[in-house]
Structures are given as C-alpha cells and as structure tokens.
Amino acid sequence: MKKGRHGKITELIENYDIETQDELAERLRDAGFQVTQATVSRDIRELKLSKIPTGSGKQKYVVLKQDDRHLGEKYIRVLRDGFVSMDMAQNILVIKTVSGMAMAVAAAVDAMKMREIVGSIAGDDTIMMAVRTVEDTKTVMDKIQKMLEL
C-alpha cells in the first residue's frame, strides 16, 4: 500500500506543481488513497522530497535525484583493492580476493546493482555469485574486467 502511494506521489509531483502537503493529500484522496496529513508528511520525508521555486513566485515538490557517482567510484576502488581473480562455472561466478576482503568486495559488487546478479555469498577470500544465465555470467565478468582496467 505504501509503495503504491509513494509511486502515486512521485507521479503527481512530476505531473503537477504541488506546493503544499494539503494539496498533495487532496490529490491523493482524489486518486483513491485514504491519507492523513501525518501520512503525507511521513511520505514526503521518506521520499526525500524537496521544494524548488517554479519561477512564478511559488514552490513545488520534486524528487531530487541523489548523485551516486562518488559511491560508484568507492565500490570500484574496493573491487580493485581486493580482487585477485575470477572464474565461472555455468551461471556461478567465483571471485577470489585478498584474504579478508571477500565480504567487502561482495558488498561493493552488490551495491552496483547489476541486474544479472541474483545474490552473493562471501567467505574470507572467495565470493560465489549466482547469476541469472551463463550469458549473463560472461556479461558480469566483462563489466568487472572493465572496472578493473579503468
């Protein structure tokens, strides 16, 4: 229910210049959502909405996109620092790391949110990644290789 409401809020603020919580609540009610001012306030906080000037002297809510580029660079640095080798067994990717680095490297790769990777298990120096298909495993290996060469 909350996910659907959050999706509707995002849709509404992209399509309309909504200036107040009351106005947002009213539009949500018109769309069939039973909301209180407290719910709308909490949703605004959870969605990290901000207000920007519209140019006509008013303001409107917007979703500010977080700049995650610096995080991507951190993840790549962790990958480079810990990476030793990788190999595949069908749709399982095995990455060998420096001793003690497997969990950090697995967390970094997971944070990159590659759609091909279903999940990861890390030990001390070995990561096993379940990948959707054999072809996807090759794709992930290519992506990792490119990150290592940057």
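Visitor: How many helices and strands does the protein chain have?

Guide: Helices (H or I, at least four residues) and strands (E, at least two) are DSSP runs, numbered from the N terminus. The protein chain has six helices and six strands, in the order α-α-α-β-β-α-β-β-α-β-β-α.

Visitor: Why is the protein chain said to be more spread out than a compact globule?

Guide: The radius of gyration is taken over C-alpha atoms, and the globule rule is 2.2 Å times the number of residues to the power 0.38. For 150 residues the rule gives 15 Å; the protein chain has 22 Å, well over that, so it is more spread out than a compact globule. Its C-alpha trace spans about 55 × 30 × 25 Å along the principal axes.

Visitor: What percentage of the residues is buried?

Guide: Buried means under 20% relative accessible area (1.4 Å probe, protein chains only). Of the 150 residues in the protein chain, 29% are buried.

Visitor: At what angle do H1 and H2 pack?

Guide: Axes are lines fitted to C-alpha atoms, for helices over the stretch in contact, and angles run from 0 to 180 degrees between N-to-C directions. Helix H1 (residues 2-15) and helix H2 (residues 21-30) pack at about 115°, with axes 11 Å apart. Contact means heavy atoms within 4.5 Å; Arg-5, Lys-8, Ile-9, Leu-12 and Ile-13 of H1 make it with Leu-24, Arg-27 and Leu-28 of H2.

Visitor: Which conventions apply?

Guide: Residues are numbered from 1 along each chain as its sequence is written, and side-chain values use heavy atoms, without hydrogens and water. In this predicted model local features need pLDDT of at least 70 and side-chain atom pairs count only at pLDDT 80 or more, while totals for chains, interfaces and linings use all residues.

How values were computed. Buried means under 20% relative accessible area, exposed over 50%, partly exposed in between (1.4 Å probe, protein chains only).
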